[in-house]
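This report concerns local backbone features of one protein model. Please consult the sequence and the structure displayed below.

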Amino acid sequence: MKTLGVILFMGLVMMACSGYTQQDKPKKFEVTKTEMEWKKQLTPEQYIVARQKGTERPYTGEYWDNHGKGKYVCIGCKLDLFSSDTKFESGTGWPSFWDPIKKENVLVASDNTHGMSRDEVLCSRCGSHLGHVFDDGPKPTGKRYCMNSASLSFVKK
Ligand SMILES: [Zn+2]
């Protein structure tokens, strides 16, 4: 019985720790807002994608077929993320890029949800979810940044 008690206790401690980490996470971003503030700023779709790590349906977003010259900034904090110069036709129905404007403007984290092991891409300033990055992109980087239009705002040159 004593062992069981210890195991239960350890389990509680571990749960408490992971809970704390989750809550503590947003603090490391330079731009932080409450859920209410995000809901006010974003449309319902933008909120689900950018703040709840949702994915828009392919071929439905605003930018997968956008061929304008300019830059794509974060929907949450307007940080420069991608340029039309690195946008390419991926055939996926999501805006795809082979390189961000600045490496430090995006953050890559491992995402093991939905039974897949993927690399999630976040805005490094506000933590908004942008999409995922894969290793099957074109030269010169070989990367495919598969983004959600809902997480981006296009600024025409
Ligand atoms: Zn941002």
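The following paragraphs describe a hairpin, two residues with positive phi and a cis peptide bond.

This is a predicted model, in which local features need pLDDT of at least 70 and side-chain atom pairs count only at pLDDT 80 or more, while totals for chains, interfaces and linings use all residues. Residues are numbered from 1 along each chain as its sequence is written.

Helices (H or I, at least four residues) and strands (E, at least two) are DSSP runs, numbered from the N terminus. Strand β1 covers residues 70-74 and strand β2 residues 80-83; the two pair in the antiparallel sense over three bridges, pairing being defined as at least two bridges found by DSSP between two strands. V73 has D80 of β2 as its bridge partner. Five residues lie between β1 and β2 in this hairpin, and K78 belongs to the turn.

**Positive phi values.** K53 and K78 are residues other than glycine, with the phi values tabulated here.

A residue is buried if 20 or more other C-beta atoms lie within 10 Å of its own, exposed if 12 or fewer, and partly exposed in between, with C-beta atoms placed from the backbone. K53 counts as partly exposed because it has 16 C-beta neighbours inside 10 Å. K78 has 14 such neighbours inside 10 Å and therefore counts as partly exposed.

**The cis peptide bond.** K139 and P140 are joined by a cis peptide bond with omega of about 5°. P140 is placed in the loop between β7 (129-134) and β8 (144-147).
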